Amino acid sequence: MGQTGAFLEFLMPLLAAALTTIGISAGAFVVALVLGFVLASVRYLWPVRLVTIPLQAFVEIYRNIPSLTHLFILYFGLAYLGVRLSSVTAAILGLGLIGAAGLSEVYRAGFQAVPVGQREAAFAIGLTPWQVFREIVAPQAWRIALPPIGNYAVQLIKDTSLVAAIAAPEIMFTARNLVVNTFETTLVYLLATLIYLALCLPLVVLLRSVEKRASTPR
Amino acid sequence: MIEFFLTILDHLPNWLPRLWPALGQTLLITFASFILASIVGVLLEVIRSGQNHFLQRVVAGFVDVIRSVPILAILYVLYFGLPGVGVYLSAFAAGTIGLGIVYSVYIAEILRAGVQSLHKGQREAALAVGLSPVQTFRFIVLPQALRVVTPPMLLTLISLLKDTSICALIAVNELMLTSKVIMSESFLPLHVFVVVGAIYFAIAWPMSLFVRWLEPKLNRGRR
């Protein structure tokens, strides 16, 4: 088989695996986006210790322990308890929970960035706390949170490579299998790297231009 | 629940003698790659703020590529890929170099924010009142830049500590790999990983708290 044949023989399974990578990223992104927002909102609307302490504990535990440890606990640890998750489910759940912890802090910063005077003014004209949150605080916080959410999306796509360690059939796992069968180490890993580059580079460039526009003085 | 922790206590005397050296490896990679990343990061930022447009383009491309590729892919290319072109790195070296390269990009970004936070007029004023360039840097630029740069640098160090766990996948004998080996011998995955998670947490959390305590103190009097 010619060089091109070998090339295609590697590229096809890797591209198929890229679909799994995209699927896992999308799933985890939704979990992180929604759960992170819920956590931050609950904390914002009910700032009492009974609520904030457990939520802060969740955030600290997820932010100060490596992703790989969390994935192993979900995949191997829960199986030990009799809860057997598929590798893809564990991947989406694990990365989603890690992301939720990170994004909840992003949203929180967004909520805090809305000037207190606006809230007070909104209360003064007779809006309920829920209305203030929904109509005044959340829409503005969302805008502030958008660039970090973009950065998170890139980070997430890259972090899906970790779920190779729990045998989810994404790009790195597939690359590893191809290498085991063919010993074409350099070519296969370079191809895998290029696929990540193709997935993330457009996002990175887009985010950089958005950041640049945001930082130019008006 | 109590039984769970009793089982952990039962096994700790066997596990800890193996986890300590692994923790040593984890910390060693963390610091080695942090130093490498800092050196390369300074270099990147010096080039970026310099005059050479060609080199600036190269650095910009490098930054984008590194930001787009997972650490694991870089480690695999360094450890498994480079032997294909005749370069053999030990797993430890590949891990350190890989993490060092990835984090140099983040550190360069932090340094840039630090330099940009200073008003240009301050430097000019210092030079105008007769301070030498070295004095200007030492007494005007550095103290202020350090205030801006220290908290994000510490946060980067925490991320780096966590990401050393990825080196387990190229067979560096650090915490994560060692715990996986212990798991496959003891068949107590949950127990082992909870212990290892606790070890990471015991190091990373105090650092996070320290940054949170430090940041407002450093910002006092600014703006």
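Colleague: What percentage of the 218 residues of chain A count as buried?
Modeller: This is a predicted model, and the burial count is taken over the 218 residues of chain A. A residue counts as buried if 20 or more other C-beta atoms lie within 10 Å of its own. The share of chain A that counts as buried is 39%.

Colleague: What is the secondary structure of chain A, and how many helices does the chain have?
Modeller: Read along the sequence, chain A follows the pattern α-α-α-α-α-α-α-α. Strands number 0. The count of helices in chain A is 8.

Colleague: What share of the contacts in chain A with a separation of 6 or more comes from residues 24 or more positions apart?
Modeller: The C-alpha trace of chain A spans about 75 × 50 × 25 Å along its principal axes. Among contacts with a separation of 6 or more, residues 24 or more positions apart account for 76%.

Colleague: How are α4(A) and α6(A) oriented to each other?
Modeller: Helix α4 (residues 87-113) and helix α6 (residues 129-159) of chain A pack with their axes 8 Å apart, at an angle of about 150°. Angles over 145 degrees count as roughly antiparallel. The crossing is right-handed. The orientation of α4(A) and α6(A) is therefore roughly antiparallel.

Colleague: How many nonpolar residues has the contact of α4(A) with α6(A)?
Modeller: On the α4(A) side, the contact residues include A:Leu95, A:Gly99, A:Gly102 and A:Phe111. On the α6(A) side, A:Trp142, A:Pro148 and A:Asp159 are among them. By class, the contact has 3 polar and 1 charged residues, and its nonpolar residues number 15.

Colleague: How are α5(A) and α6(A) oriented to each other?
Modeller: The axes of helix α5 (residues 116-124) of chain A and α6(A) come within 10 Å and cross at roughly 140°. This crossing is right-handed. Angles over 145 degrees would count as roughly antiparallel, and 65 to 115 as roughly perpendicular. At roughly 140°, α5(A) and α6(A) are therefore oblique.

Colleague: Which residues in α6(A) meet α5(A)?
Modeller: From α5(A), the residues are A:Gln118, A:Arg119, A:Ala122 and A:Phe123. By class, the contact of α5(A) with α6(A) has 5 nonpolar, 1 polar and 1 charged residues. The residues in α6(A) are A:Val132, A:Ile136 and A:Val137.

Colleague: Which element gives the most to the side of chain B that touches chain A?
Modeller: The contact takes 33 residues from chain A and 32 residues from chain B. Elements giving two or more residues to the chain B side are α2 (53-68), α3 (71-81), α7 (175-186) and α8 (189-219) of chain B. With 11 residues, the element that gives the most is α8(B).

Key: Residues numbered from 1 in each chain as written. Chains lettered and ligands numbered in written order. Predicted model: local features only at pLDDT ≥ 70, side-chain atom pairs only at ≥ 80, totals over all residues. Axes fitted to C-alpha atoms, helices over the stretch in contact; angles between N-to-C directions. Helix = DSSP H or I, 4+ residues; strand = E, 2+ residues; numbered from the N terminus. Parallel < 35°, antiparallel > 145°, perpendicular 65-115°, else oblique. Left-handed = near helix turned anticlockwise from the far one by under 90°. Contact = placed C-beta atoms within 7 Å. Nonpolar A, V, L, I, M, F, W, Y, C, P; charged D, E, K, R; others polar. Buried ≥ 20, exposed ≤ 12 C-beta atoms within 10 Å, placed from the backbone.
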